Each structure stands twice: as C-alpha cells, then as structure tokens.
Amino acid sequence: VCRSPFPPRSAPHPQDLVSEALKNTPRRSIPFLSASLPKLPEDDFQFILCTGCRQESPNLKLLTCLHTFCLDCLNRNKPVGQCPVCQTAVLQASSIPDMDNLLFTNLQARLKIYKKIVDGVDLFCNNCKKAVEFWCSDCKEFLCAKCFEAHQRYLKREGHEAKSVMDIRAGSAKAFLEDTKRMGHLSCSNPTHKSQTVSIFCKECKKALCCSCALLDSRHAPFCDIRSETRRRQEELGAMSRELLRKRGGFEATYAALQEEAARLEQAQREMRELIRQREEELVRWIRREAEELLGLVEAGQEQGRRGLARELQRVEGVLQRMEAGERLVEKMNLYASEQEVMDMQPFIKDSLEELQRLQPPAIGDPTQPREFIECRARLDGL
C-alpha cells in the first residue's frame, strides 16, 4: 500500500455523497510529512487521493464520470456497478473500470521521491551507495558526485538532466513535479524493438512507434512527432474542457433553479404544516365551545326534567298520603265512631273520597325526552 507523503485535510471533503459502505470503512494509518515542510501545502495534492477513503493507493481507477476510486472502495461500494458519488453506471461488466489513473499514481510516486529527498533518510547513490548529491529524473536514480560525472559524460547527448539534491530541497514540491513531468522514454510495442525509443506517432493505427517500425512497416502512415501528438491531445482536452466550462453555466443555472424549487417546496411544506396546525387548533377550540354548549343544553334539559319529575313525585306522593289518611280514617270510624259522629262527618269524608276516586295515576315509561336533549342530539348529528 502506498503511504501518503503529506497530511490529510482537517476539513471534510466536498465529495460527501459516497455510499454508506465507504463512509464506514476504517481508515488505515498513514505516515505523513513533517509539519516543517511549508512547501507542500496539504490542500495542493489532495486530488491524488481516492475520492472514497481519501487515501493513496497503487490501484486507482478512473471512472467514465472522471471520479477516481481505489479498488477497495469500488469492491465495497453498494450498489456495485456505479459511481459512489454521482451514481453514473460503470460500463465494464466486472463493475471495475479498465482505466487506471496513471496521473495520480505517478504523482504519488514522484511525491514520495520528493519526500525522500527532503527528509534525507536512507539516501544513497544507486550505483555505489555513497552520499547522494544529484537526482536524474530520466534515469530515476540518485547519484553521488563521481557517478554524476560519469552520468554526464555518457548520457549528456541523451538529454538527461540531473539536478542537485540541495537545489531540489530548496525548491517546492510543485517545482519538483514540474521538472519531472517531462515525458519519459516510451518503449516500442514491438517485442524485438524494446530497446528502441518511441518518437513517432502513426495517425492511421493510432500507435506510438520507434524509427525502425516506421521505416520497415509501410502500413504506418502518415506520421507525426510523438511530442507533437502529445501536445495536440493536450490541446484537444483543453479545448473540450473550455467548451464544457461554457456549457457548465447552463447546468449551474439549472442546479440553482432546482435548489430554489426545492427551497420553495420546503417553504410551502412548512407553511402548509403551520396552516394545518392553526386550523387544528381552531377546530379544537370550536369543538370545545360546541361541547360546552351541548353540555349546557344537557344540564338544562336534565334540570327541567328533574323539576318536572319532582313535581310529579310530590303530587303522586300527596295522593298516596291522602288515600292512606282516608283509609285510616274510615277504618277508625268503623271501629270507634258513634252514630252522631258518622252522621256529622260522613258527607265531608265521602266528598273527599269521591275526589280521590276520580284521580288517575300518570303514565309510566313515557319515552318523551326534554326539548333540550332533542336539540343536543340534532346538533351532534350535524357535527
């Protein structure tokens, strides 16, 4: 596993839309550069990290959406077969992109060399293991003073440029990367020409060739210089990037409009929820007022019925008492009254008893409810 030559960001990365599987992935420990290296700002080279786990990896894959993830993150991503950030589908059947992000992995390797030069730890000549004084970006080797003289004598015509280690330490990481970004020597794809340096590009078969292939195989034509083709491709990408930058304005306007629409929808939801709560409170207050009025009607009907029943009970009780008194009086007169007393009192008692005989008891079980109860039931049915 490649180790990062610089500290991680303290602030969260903008690409926080990676899947939950990536978020829960435990981070590996990474030895970072010393804080005494102000020439390597931590934000300058965060782009070479995996977008998911924010770590360096030798297996960085470039998706068709141009996001970069390591193999571990792609294998853990759910659902598989799409970018964890923008959900763009991965076209390969294996759900793992075929394209390696060579730029990022090579930058990682070059930054590790820069860190090794700056730290000066275990820095020895690749040839004789003596103290290092120079670094050749073409040979990718450290050289002592003596080996540097030999290097300059035999490889000067090859255009190799070795730089002083002290000068590299005095410069910045950006300067080191700019110095080492020159195209390395490409090897010919023909197995018999592996030692040949590629310097020609065939526009017909779109391959880089060595001089021998270009001369011996007539199928390769027309030709151009490999550096010209590299420059043309770089300019083509730059033109496409500028065109996308112009087109990006339309997408940004649409994105802003969608955000405004989402904000309006959110505001409308809040307003509607508030309106519903207000209406709910109004309805509750109204229902409570109705309930209080209905309860008042019930109380009034109950009071009216109670008073009517009390009057009826009192009247019936009075009749019963009169009947009981009449029965007792007739009984006592039969037992103890003299003829004179019978003659004097009988007409009066007879009139009272005849009046009692004319009385009829009230009807029992009358289902008629008080008027207030009837009104209350009608209002409840209306509610």
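Colleague: Which handedness has the crossing of α8 and α10?

Modeller: A crossing is left-handed if the near helix is turned anticlockwise from the far one by less than a right angle, and right-handed if clockwise. In this predicted model, the crossing of α8 and α10 is left-handed. Helices (H or I, at least four residues) and strands (E, at least two) are DSSP runs, numbered from the N terminus. Residues are numbered from 1 along each chain as its sequence is written. Local features need pLDDT of at least 70, side-chain atom pairs count only at pLDDT 80 or more, totals for chains, interfaces and linings use all residues, and side-chain values use heavy atoms, with hydrogens and water left out.

Colleague: At what angle do the axes of α8 and α10 cross?

Modeller: Axes are lines fitted to C-alpha atoms, for helices over the stretch in contact, and angles run from 0 to 180 degrees between N-to-C directions. Those of α8 and α10 (residues 371–382) cross at roughly 155 degrees and come within 8 Å. Angles under 35 degrees count as roughly parallel, over 145 as roughly antiparallel, 65 to 115 as roughly perpendicular and the rest as oblique. The two helices α8 and α10 are therefore roughly antiparallel.

Colleague: Which residues of α8 and α10 meet?

Modeller: Contact means heavy atoms within 4.5 Å. Among them are L294, L297 and V298 in α8, and F373, C376 and L380 in α10.

Colleague: How do α8 and α9 cross?

Modeller: The axes of α8 (residues 226–336) and α9 come within 11 Å and cross at roughly 155 degrees. That makes α8 roughly antiparallel to α9. The contact includes V319 and M323 of α8 and M345 and I349 of α9. This crossing, too, is left-handed.

Colleague: Where does α9 have a kink?

Modeller: The bend at a residue is the angle between axes fitted to the seven residues ending there and the seven starting there. In α9, a kink of about 45 degrees lies at M345, shortly before the proline P347.
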